[in-house]
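Hi,

Here is the structure I said I would pass on. Have a look at it first, and my notes follow below.

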Amino acid sequence: MDRALRRKFANQAFVVICTGAALVALAALALIMFSLLTKGVGGVDLMLFTADTPAPDSPGGLRNAIVGSILMCGVAMMIAVVIGVLAGTWLAEIGGNTPYGHVVRFLNDVLLSAPSILIGLFVYWWVVVPMGGFSGWAGAIALGILATPIVTRTTEDILNLQPNALREAGMALGASQWVTVRSIIWKAAGAGMLTGGLLGFARISGETAPLLFTALNNQFLSFDMSKPFASLPGAIYPFAMSPYETWNTLAWAGALLITLAVLGVNILGRWLARDKDHK
Amino acid sequence: MSLQSARHPDPVDPIFRGLAFAAATTLLLTLGGLIVALMIGGWPAISKFGFGFLTSSTWNPVTEVYGAAGPIVGTLITAVLSLAIALPIAVCVSVFLTQYCPKAIAQPVSTAIELLAGIPSIVYGMWGLFVFAPWFARTVQLPILTSLDPESFWGKLLAGVPNGANIFTASIVLAIMILPYMSAVFRELFRSIPPQVREAAFGLGCTSYEVVGSVLIPYVKKGMIGVVMLGFGRALGETMAVTFIIGNSHRFPDSLFASGSTLASTIANEFNEASGVHLASLIALGLVLFLITFTVLAIARALLSSQRY
């Protein structure tokens, strides 16, 4: 009887602890979102999108940073999608089971979680130094390298989910592997691959560390990616660290923008993936 | 293979295979290039300071003497501490979501947690700097400072400037940052367990605590260790969430509430002002960070290779 009582007590304590921990975790995360909303919303106005980053204690917005982020992430995603989709296809359709394929898959998984600041150092050494200065291209390459393993991984996973009957059907029609992959496999896996791309985009749009010494920053609106380039995270970091209140407000507004963008893209990606499951 | 394609092979096919192979090789080259860059870039510092680079805690840009012991210890302490905080909570959250929570709540909460895992780390860093650090300084550090004898063990362990920017607060912010990620993957692990396993355990008369502790967790033990290592790797290499709040001092951390630095935060802070040996030392810090994280990630991936997440 004593033992049964003890077991019952242990069980109840466990349930209470688990529920309590879940509440604490959710409360902490809710607290962060609450601060972000209350402090961020105050800085969101029309000027945020129409004016460039200001001097200390004067009004301004984040137009140059928003444009810079969009351009750099766009170029980065082009790099990541081309390399990632091809590499993922190679792993799933061609050489994934060779020893070399295992090595590539392993290293891709390592790259997937490698500290982003190291990618910044990599691009600094191989792009910024040879090119003679910080540039938007360097920033885009750094972000591209961060997104590529994500696209590679999701592409491989999605292609592996496609039934072999599809591949056999292509072969039976006399199609080459290229035609089979392009017209049948990629088409069937389209939504899933798009989700992978969106997840990659969501990951890089908030990345700060790799931009610090690749794209640097730019106070003015610029479309010349061979020069130092503005980005939202690149503007938020110094603004948040500064003692000026106007800059702090802008930093919170920028953080809110990034978070909303990341959440939006993630939700879109999930929605696309779910739509696929239901068919 | 059909007769037709054997006679007239598609000329695009070898190009496609070649390009796909090249793309896969690019990933390999990226990692190789990263190691080469870190070694060449860090070489001036490594050759100048030798093994002492790892053991010395002097970091002096004026006299050009650099040692990485402070940042290395700071990195390890914050990562271990944040993991120690986040791991039990993450396990509890995932157990709660998969075992106890009503389904109607579990789904939206799980989705919310997965979404939070994607929030950029700079947001966590800003929250730490503007909200958490001042609160911590006011309600925790000041009372401790005034009530503890500075010569006692606890007084020494918890000594520090009461501004909230220290190793302990950085660890807490890191813990909150890796929490959603770890909870989400733990939940996936628990969900991957066949329901028969759970039903069998309940059928033997186990309480739900015994089911979780003696059956479910051992069932996914390997995967869980892998996830823990992934979380550890994340905490080791995290830059922005830490740089904001750790206080950025290079001395060897001597108390929990002392300001410190990590490998990543030092690089982020000083890289753009550095040149010569200073720059090389920062890149050498990157090499140290790479070696630590690569080892951790390699172990994690090896453990997870049977069940990929």
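Let me start with a kink: α2(B) bends by about 55° at Trp43(B), and Pro44(B) is a proline that follows within four residues. Do keep in mind that this is a predicted model.

That helix covers residues 12-49 of chain B, 38 residues in total. From first C-alpha to last, α2(B) reaches 54 Å, close to the 56 Å expected at 1.5 Å a residue.

For chain B, an unreviewed UniProt entry puts "transmembrane region" at residues 21-46, 66-97, 109-137, 157-179 and 279-304. Of these, I looked at two in the model:
- Residues 109-137 of chain B are 86% helix and 0% strand, with end C-alpha atoms 31 Å apart.
- Residues 157-179 of chain B are 61% helix and 0% strand, and their end C-alpha atoms lie 26 Å apart.

Chain A has such a record too: its unreviewed UniProt entry lists "transmembrane region" at residues 12-37, 66-94, 106-128, 134-152, 184-204 and 250-273. Here, residues 66-94 of chain A are 100% helix, and the ends are 40 Å apart, C-alpha to C-alpha. Residues 250-273 of chain A are also 100% helix, with 34 Å between the end C-alpha atoms.

Finally, how do the chains meet? The contact involves 70 residues from chain A and 70 residues from chain B. On the chain A side, helix α1 (residues 2-41) gives the largest share, 18 residues. That side of chain A is made up of 50 nonpolar, 17 polar and three charged residues.

Cheers

Terms used:
Residues numbered from 1 in each chain as written. Chains lettered and ligands numbered in written order. Predicted model: local features only at pLDDT ≥ 70, side-chain atom pairs only at ≥ 80, totals over all residues. UniProt positions renumbered as here; feature names shortened; annotations may be inferred. Helix = DSSP H or I, 4+ residues; strand = E, 2+ residues; numbered from the N terminus. Expected span 1.5 Å × (residues − 1). Bend = angle between axes of the 7 residues up to and from the residue. Contact = placed C-beta atoms within 7 Å. Nonpolar A, V, L, I, M, F, W, Y, C, P; charged D, E, K, R; others polar.
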